[in-house]
Amino acid sequence: MKIMITGAQGQLGRDLQDTAPKDRELVALDRSQLDICDESATMRCLEAHRPDLVINGAAYTAVDKAETASEQAFAVNEQGAANLAKAVGASGARLIHISTDFVFSGTANTAYTPDARTHPLNIYGASKRAGEQAILHHIPDRALIVRTSWLYSVHGANFVKTMLKLMASRDQLSVVADQLGTPCWAKGLAHALWRLAEKPQNGILHWSDAGVASWYDFAVAIMEEGLALGLLDHPVPVSPIKSVDYPTPARRPAFSVLDSTEGWQKSATTPVHWRTSLRQMLCAFSRQSAPYPQK
């Protein structure tokens with residue numbers, strides 16, 4: 001099977017390459033090699049490579065910046081997704097597209113199922129939902145949309161690595177405690193995607209790690225695990241605050257926990273609690289990184 005990965009230098013793209021089965025032929029393309037915003041270039045690329053499956057990890061993910069760069073966000077997340085869907089349709093391939101928990105409003109009090117009503121609160125979420133709709137319009141029988149949440153990895157910039165840096169340079173931190181979701185290790189998601197790629201799938205699935213956390217819970221866990229692994233040399237006080245005390249350009253859902261039951265089943269995944277995945281990620285990170293020098 002020949003697999004094309006778009007957004008190959010992103011967190012998930014790199015973890016997909018790191019975890020790829022040995023019998024898969026990979027074509028891993030970053031933005032410089034394939035800009036999915038360019039419809040004709042996308043069509044030519046798939047015609048040239050003729051993949052059996054495309055895993056689309058290319059996305060505009062700067063949530064706050066998207067509020068003032070909506071044209072760019074929609075160009076990548078909606079039109080880029082549509083371009084890729086049309087090219088996949090013309091080539092006869094299949095598509096796995098990665099989406100987000102931010103397509104939901106956050107007003108629920110139970111985990112969102114894949115068929116739950118969407119209502120994005122910000123431009124990023126709206127652009128990702130528009131991309132989902134474009135894909136389902138063009139290739140409903142050959143596209144699988146996988147929504148995930150709070151993604152982090154040893155690669156790239158993310159909340160985990162940002163928190164470690166801040167904890168090494170500040171005497172105390174304040175982190176939002178009234179937004180609930182589930183952290184997800186990109187490497188775990190990558191393994192699940194490879195299993196989902198083994199047979200044709202279509203529709204929408206959710207896949208994240210197990211459990212629920214606030215950003216505050218997540219930050220405290222990062223500190224505790226960082227101390228245990230020697231990435232930090234002393235604890236830093238972390239205070240819980242409300243969202244209104246930390247205003248951001250983009251509104252975030254207060255509750256965006258995903259019901260991943262079907263996703264776990266179809267990917268033959270045993271659910272792993274987010275704290276366990278965080279520890280595994282930080283163990284891997286500690287092997288390749290020096291401890292953060294603290295004040």
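A: Let's start with S260, which is buried at a relative accessible area of 1%. Here buried means under 20% relative accessible area, exposed means over 50%, and partly exposed is anything in between (1.4 Å probe, protein chains only). Before going further: this is a predicted model, where local features need pLDDT of at least 70 and side-chain atom pairs count only at pLDDT 80 or more, while totals for chains, interfaces and linings use all residues. Residues are numbered from 1 along each chain as its sequence is written, and side-chain values use heavy atoms, with hydrogens and water left out.

S260 sits in the loop between β12 and α8 (261–266). The helix and strand labels are DSSP runs counted from the N terminus: helices are H or I with at least four residues, strands are E with at least two. If you skip its neighbours within four places in sequence, S260 is in contact with H206, W207 and S208; contact means heavy atoms within 4.5 Å.

Now for the nonpolar cores. A nonpolar core is a set of buried Ala, Val, Leu, Ile, Met, Phe, Trp, Tyr and Cys residues joined through side-chain atoms within 4.5 Å. The largest one has 38 residues, and those touching the most other members are V160, M167, F218, L278 and L282. Two or more residues each come from α3 (70–91), α5 (159–169), β7 (173–176), α7 (215–228) and α9 (274–288). Helix α7 gives the largest share, 7 residues. A separate second core has 24 residues, including I5, A192, L193 and W264. As background, nonpolar side chains tend to be buried together in soluble globular proteins.

Helix α5 is worth a stop. Its buried residues are V160, K161, M163, L164, M167 and A168. These residues are on the same side of α5, because they cover an arc of only 160 degrees around the axis; the arc is that of the directions from the helix axis to the C-beta atoms. The buried residues of α5 pack against β6 (151–152), β7, α7, β12 (238–241) and α9. At the start of α5, a side-chain oxygen of N158 comes to within 3.2 Å of the backbone nitrogen of V160.

Back to the second core and its member L193. L193 lies in helix α6 (residues 186–196) and is buried, at 0% relative accessibility. Leaving out residues up to four places away in sequence, L193 touches L12, L16, I55, I96, I98 and V146.

What about the strand that holds I96 and I98? That's β4. In β4 (residues 94–100), 7 of the 7 residues are buried, so the strand is largely enclosed by the rest of the structure. R94, I96, I98 and T100 point one way, L95, H97 and S99 the other. Strand β3 (residues 53–56) runs parallel to β4 and is joined to it by 4 bridges, with V54 opposite L95. The chain gets from β3 to β4 through α3, and this β-α-β crossover is right-handed. Right-handed means that, with the strands pointing away from the viewer, the path from the first strand over the helix to the second runs clockwise. β4 also pairs with β5 (residues 143–148), in the parallel sense over 6 bridges; pairing takes at least two DSSP bridges. In that pair, T100 stands opposite T148. Together, β4, helix α4 (residues 123–138) and β5 make a right-handed β-α-β unit.

Another spot to check is G13, found in helix α1 (residues 11–19). At 3% relative accessibility, G13 counts as buried. G13 touches I5, G7 and A8, not counting residues up to four places away in sequence.

Finally, a word on backbone angles. Most residues other than glycine have a negative phi. R50 has a positive phi of about 50 degrees although it is not a glycine. R50 lies in the loop between α2 (39–49) and β3, and counts as partly exposed at 47% relative accessibility. W150 has a positive phi as well, near 45 degrees. W150 sits in the loop between β5 and β6, and is buried, with a relative accessible area of 8%.

Terms used. A polar contact is a pair of N or O atoms within 3.5 Å; within protein, one must be able to donate a hydrogen and the other to accept it, and residues adjacent in sequence count only if both atoms are side-chain atoms.
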